[in-house]
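Visitor: I am new to this structure. Please show me how to read it, one feature at a time.

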Amino acid sequence: MPRESFFKNRWRSIGFAFKGLFLLIRTEASIKIQFFIALVMTALGFYLDISLTEWCLQFLAIGLVMGVEGLNTSVEKLADYVQPEYDTKIGLIKDISAGAVMVVSIAGAIVGLLIYLPKIF
């Protein structure tokens, strides 16, 4: 069986990643909300003409929140697959994963406040 080329393998991996991204956006309510907020914040950034550094911080915050939310969704799906019945240990794992999303969401909100409050007031 011949091995695939490095580039063909990477291209396939990118395809799987986009498939996962679109699946996440289509099926998860929390990501839909976060995606909408990201669009609003991006529009607000254009409207208030934020600096390049502020754009970088904003997109880093958006990427972190949405990325960690994707990982949280993966943990929850895997936990439900491994143990479909209620289990306190699985519940603890899911709570910790959700807590990680809360940490980056709070940090993202603080970044947004630091960028936009001075421009609004």
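Guide: Start with one cut-off. A residue is exposed when its relative accessible area is over 50%, and buried when that area is under 20%. In between, a residue is partly exposed. Keep in mind that this is a predicted model.

Visitor: Let me try the cut-off. Is D49 buried or exposed?

Guide: D49 has a relative accessible area of 64%, so D49 is exposed. D49 sits in the loop between helix 2 and helix 3. Look at its backbone too. The phi of D49 is positive, about 50°, although D49 is not a glycine.

Visitor: Now the wider view. How many helices and strands are there in the protein?

Guide: The count is four helices and zero strands. Read from the N terminus, the order is α-α-α-α.

Visitor: How do I judge the overall form? What is the radius of gyration of the protein?

Guide: Set the value beside a reference. A compact globule of 121 residues would come out near 14 Å, but this protein has 18 Å. A box along the principal axes gives another view. The C-alpha atoms fill roughly 60 × 45 × 20 Å.

Visitor: What share of the residues is buried?

Guide: Buried residues are 25% of the 121 in the protein.

Visitor: How many salt bridges does a search of the whole structure find?

Guide: The search finds three. Then ask which elements the partners belong to.

Visitor: Take E28. Which residue forms a salt bridge with E28?

Guide: The partner is K77, with the closest N and O atoms 3.4 Å apart. E28 lies in the loop between helix 1 (6-27) and helix 2 (29-47), while K77 belongs to helix 3 (residues 52-82), so the pair ties together parts 49 residues apart in sequence. The partners can be sorted by the cut-offs. E28 has 15% relative accessibility and counts as buried. K77 has 51% and is exposed.

Visitor: Next, K119. Which residue does K119 form a salt bridge with?

Guide: K119 pairs with E54, and the closest N and O atoms are 3.4 Å apart. K119 lies in helix 4 (residues 88-120) and E54 in helix 3, so this pair ties together parts that are 65 residues apart in sequence. K119, at 34% relative accessibility, counts as partly exposed. E54 is at 16% and counts as buried.

Visitor: What is the N to O distance between K94 and D80?

Guide: The side chains of K94 and D80 meet at 2.6 Å, in a salt bridge. Here K94 is in helix 4 and D80 in helix 3, so the parts tied together are 14 residues apart in sequence. Both ends can be sorted as before. K94 is partly exposed at 22%, and D80 counts as partly exposed at 37%.

Visitor: How do I read contacts along the chain?

Guide: Look at how far apart the partners are in sequence. Take contacts between residues at least 6 apart: in this protein, 66% of them join residues at least 24 apart.

Visitor: Show me a case. Which residues does V68 touch, not counting those up to four places away in sequence?

Guide: V68 touches A100, V101 and V104. V68 is placed in helix 3. Its relative accessibility is 18%, so V68 counts as buried. Compare sequence with space. V68 and A100 are 32 residues apart in sequence, yet 7.2 Å apart from C-alpha to C-alpha.

Visitor: One more. Where is L48 found?

Guide: L48 is in the loop between helix 2 and helix 3. At 22% relative accessibility, L48 counts as partly exposed. Leave aside its neighbours within four places in sequence, and L48 is in contact with Y116, K119 and I120. L48 and I120 are 72 residues apart along the chain, and 8.5 Å separates their C-alpha atoms.

Methods. Residues numbered from 1 in each chain as written. Predicted model: local features only at pLDDT ≥ 70, side-chain atom pairs only at ≥ 80, totals over all residues. Heavy atoms only, no water. Helix = DSSP H or I, 4+ residues; strand = E, 2+ residues; numbered from the N terminus. Rg over C-alpha atoms; globule rule 2.2 N^0.38 Å. Buried < 20%, exposed > 50% of the residue type's maximum accessible area, 1.4 Å probe, protein only. Contact = heavy atoms within 4.5 Å. Salt bridge = Lys/Arg side-chain N within 4 Å of Asp/Glu carboxyl O.
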